[in-house]
Amino acid sequence: MKFKNIAIITAFITAIVLPLIMQASANYYAIHVLGLLGIYAILCVGLNITIGYTGLLDLGFMAFYAIGAYIGIILSAKGISFWYIIPISLFIGGTFRYLLGAPVLRLRGDYLAIVTLAFGEITRLLLNNLDFLTNGPKGLPRVGETVLPISIFSFTLRNDIHFYYLIVFFLALAIIVSYRLEHSRLGRAFVAIREDETAAELSGINVSNTKLLAFVISGMFGSLAGTIYAHWIGFISPESFTFWESIFLVCMLVIGGMGSISGAILGAFILAGIPEFLRPVLGSGFIDYRMLIFGLLLVVVIIFRPQGLLPSKRRNLELRMNKNSE
Amino acid sequence: MFIQQLINGLTLGSIYALIALGYTMVYGVLLMINFAHSEIFMIGAYIGLWALTAIPAFASFTITGFIITFLVVLLFSGLLAVSVEKLAYKPLRQAPRLSPLISAIGVSIVLQNLIMLFVSNQSMPLPEFKTTRYQIFSAEVDTLQIFIFCFSIALMLLLNLFISKTKFGKAMRATAHSHSVSQLMGINSSSMIAMVFFIGGALGGIAGMLNGMYYGSIKYNMGFFPGIKAFTAAVLGGIGNVKGAMLGGFLLGLIETFSAGYISSQNKDVITFCVLILMLVFKPTGILGENVTEKV
C-alpha cells in the first residue's frame, strides 16, 4: 500500500476515534475545538478551489460563510428542517457568488483581491445595519425564536459530539467533491488558468466561464459551512465574520499549501487547532500572541517555502521547474 | 449643512490623499498593492504620540515642538516602510504577482499585533490641540481643520515639485516606466524603490498623525478603514498617477461626508466600498489614469 493511502486511512480513523476517547475522558472542550476545526477545514477546502486551483486571491470568503449562517438561522427559526435548508443555502450562496463574480472576475489578480475584500466588508456592514432582516449587532435568533434541532430519521443531534460527526461527514463529502474536481477536466482547466490565462484561452478554455464556475463552487462550500455552524452554535452575530477571519483562512491555505487538499486541512489544523490545544499547556496569555506568530509565519512561508508545508504534487513540480529554468 | 459637509469632506479628503499617495507611488513602481501601508499610517500616529509625550515641552504644541514632532514621524515611518520593503517584499521581486500581496498581509498582521500586544489594546488619547472656531455662513471651521488642509496641500505641492523638477524625481519616474531600461541608464532601481517606500511611508505616517489629532485618539486597528478608503481614492484617481491620488483623495472625502450627511450616516462605509467596486469594474484606470494594455 502506498504511503499516501496509509496516511489517509490513519487520518480518517483518528478523526472517528479521537472524539470517542475525549468523550470518555470527559474532555468536552476538546470536542468543541475539533468541531470548529472541521468547520475551518470545510472552509479551507472550499477556498482552495478559488485560491489554490484557479489562482484567484479571495479576501472576502467569510461573506459567503456569513450568508450561509444567516440563511440557516432565519429559515430554521421559521421551522424549516436542516436538510431542506442545505440546498437552499447552497443555491442562495452560489447566486450571490455568481452576482459578485460575473462583473469582477475579469479584473487582474490584485484588484480582484481588493474587490472581494470590499464585498466582505459590505456584507458585514449590511448585516450590522439591516435590522429588520438580521437583527443588527444583537445577532440572531431574536428573543423568542429558536433554532430547529437537526434530526436524522428519529435521532436528534444534541451534543457537540453529534455535531462533530455531522461536520466530519460533510468534510468528507467536501474532500471527495474537491478531489474529484481536481482530477477532472474542469479541475485541469482551473490549474491551466492559474498558470497562464492567455495560454489557457488559446487551448480552448472559456476562461471567464471557468473562473466563474470555480468561484461559485467554492462559495457554496462557504455557505454550507456557515449553515452547519449556525445550527450547531445556535447563535450568530456580524462580529463573527470580520475581514480578519477571511485573512485567517488565507493564512491557513498559504501555510498549509495552496492547491492541495491535505495542505488546506493541515493549515486549518495548525492555525485553528494548535493554539487551542496548547492553551492548557502554555496558559491563555499565549493565545494573544497567535496572530503575531501567524503573520510572521505567513511572510516566512511565502518567501522561503511558497508551495506551503504540504504542497500538491503538481504545484511542487512547477515551482521546481521554474527554478531550473531561471 | 452643505458648506459644513464641504469643510469636513476637504479635511478628511486631505488625509486620504496623503495616504493614497503611498499606495499609488508603490503601485506605479512595483505594480503591487502595499497592503501594509495602512499599518504604517497607524504606527505614524503612535510615533507622533510617543514624540509628544516623551518630550514634555512638545505637548503644549509650540511651533518648534510641532515641527520636530512631525520630522520625527516623517523619519521613522519612512524608515519603517523601507525596512518592511527590504525584509518582506524585496525577496519576492521575481515571485508570482500575488506573493508580495500575501506577504504584505502578513506584515500588516504583524505590525498591528505588535502595537496591540506591546503598546496598548485600548484607544489612547492624543494631547489636546487648542483650536479656535470660525463661523462661515452657517458652518463652523476650526484651526485644526485649516491646518490639516493647508499642511497636506503644502506637502503635496512639495512632492509634485520633487517628482517633476529634481533629478531624483526624474529617476523615479524612469524606474516606474521600466526597471531594466532605467538600470541601463545608470539608475539604481533598488535604491529608487527604497526612496519611493520612504516617501510613501513618511506621508502615510504624517497622515496618521493628522488623523489622530483630528479625532483626538488613536487605536491599533485605526488603519484598516482609512487604508481601504485611501486605496479606493488611489483607484478613483487612477492608480500609479500621483496627481490622480490627490484628486481621488479629496473626491473620496467629499463622497464620504456628503453620503453621510444626505443619504445615511450608518451606511457611509458601504457607499465608499460600492464606489470602489463600481470603479474597478467600470473604469479600473481611474479618472486620470492612462490606458495600459495588459502585457502578455
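Leu31(B) is partly exposed, because 15 C-beta neighbours lie inside 10 Å of it, and a residue needs 20 or more to be buried and 12 or fewer to be exposed. The structure described here is a predicted model. Leu31(B) is not a glycine, yet its phi is positive, at about 55 degrees. Most residues other than glycine have a negative phi. The place of Leu31(B) is the loop that runs between helix H1 (2-30) and H2 of chain B.

H2(B) has 18 residues, and from its first C-alpha to its last it reaches 25 Å, close to the 26 Å expected at 1.5 Å a residue. Of those 18 residues, 15 are buried, so H2(B) is largely enclosed by the rest of the structure.

## Confidence of the model

For the complex, the predictor gives an ipTM of 0.86 and a pTM of 0.89. In chain B the mean pLDDT is 88, with 96% of the residues at 70 or more. Among the elements of chain B, the highest mean pLDDT belongs to helix H8 (residues 189-215), at 93. The lowest, 82, belongs to strand S2 (residues 133-136) of chain B.

## Overall form of chain A

Chain A has 15 helices and 2 strands. Its radius of gyration is 20 Å, close to the 20 Å that the globule rule gives for 326 residues, so chain A is as compact as a globular protein of that length. Taken along the principal axes, the C-alpha atoms of chain A fill a box of roughly 65 × 45 × 40 Å.

Of the 326 residues in chain A, 47% are buried. Among the contacts in chain A with a separation of 6 or more, 77% are between residues 24 or more positions apart.

## Buried residues of chain A

Ile265(A) is part of helix H12 (residues 261-282) of chain A. It is buried because it has 26 C-beta neighbours inside 10 Å, where 20 or more are required. Leaving aside neighbours within four places in sequence, Ile265(A) is in contact with Ala41(A) and Cys44(A). Gly38(A) is 227 residues from Ile265(A) in sequence, but their C-alpha atoms are 8.6 Å apart in space.

Phe248(A) lies in helix H11 (residues 243-256) of chain A. With 20 other C-beta atoms within 10 Å, Phe248(A) is buried too. From Asn27(A), which is 221 residues away along the chain, Phe248(A) is separated by 26 Å between C-alpha atoms.

## The nonpolar core

The largest nonpolar core has 192 residues, and the members that touch the most others are Ile42(A), Leu43(A), Cys44(A) and Leu298(A). Helix H2 (residues 28-53) of chain A provides the largest share of this core, 17 residues. Cys44(A), named among the core members above, is also a contact of Ile265(A).

Leu298(A) has contacts in both chains, leaving aside its neighbours within four places in sequence. In chain A they are Cys251(A), Val254(A) and Ile255(A). In chain B they are Ile102(B), Ile105(B), Gly106(B) and Ile109(B).

## Where the chains meet

Chain B has 33 residues in contact with 33 residues of chain A. On the side of chain B that touches chain A, helix H4 (98-118) and helix H11 (268-282) of chain B each supply at least two residues. H4(B) gives the most, with 13 residues. By class, this side of chain B has 25 nonpolar, 6 polar and 2 charged residues.

## Backbone features of chain A

Most peptide bonds are trans. The bond between Leu140(A) and Pro141(A) is a cis peptide bond, with omega of about -5 degrees. Pro141(A) is in the loop between helix H6 (131-134) and strand S1 (151-152) of chain A.

Phe153(A) has a positive phi of about 50 degrees and is not a glycine. Phe153(A) is found in the loop between S1 and strand S2 (155-156) of chain A. This residue counts as exposed because it has 5 C-beta neighbours inside 10 Å, and the cut-off for exposed is 12 or fewer.

Terms used:
Residues are numbered from 1 along each chain as its sequence is written. Chains are lettered from A and ligands numbered from 1 in the order in which they are written. This is a predicted model: local features need pLDDT of at least 70, side-chain atom pairs count only at pLDDT 80 or more; totals for chains, interfaces and linings use all residues. Two residues are in contact if their C-beta atoms, placed from the backbone, lie within 7 Å. Helices (H or I, at least four residues) and strands (E, at least two) are DSSP runs, numbered from the N terminus. Ala, Val, Leu, Ile, Met, Phe, Trp, Tyr, Cys and Pro count as nonpolar, Asp, Glu, Lys and Arg as charged, and the others, Gly among them, as polar. pLDDT is the predictor's confidence in each residue, from 0 to 100. The expected span of a helix is 1.5 Å times one less than its number of residues. A nonpolar core is a set of buried Ala, Val, Leu, Ile, Met, Phe, Trp, Tyr and Cys residues joined through C-beta atoms within 7 Å. The radius of gyration is taken over C-alpha atoms; the globule rule is 2.2 Å times the number of residues to the power 0.38.
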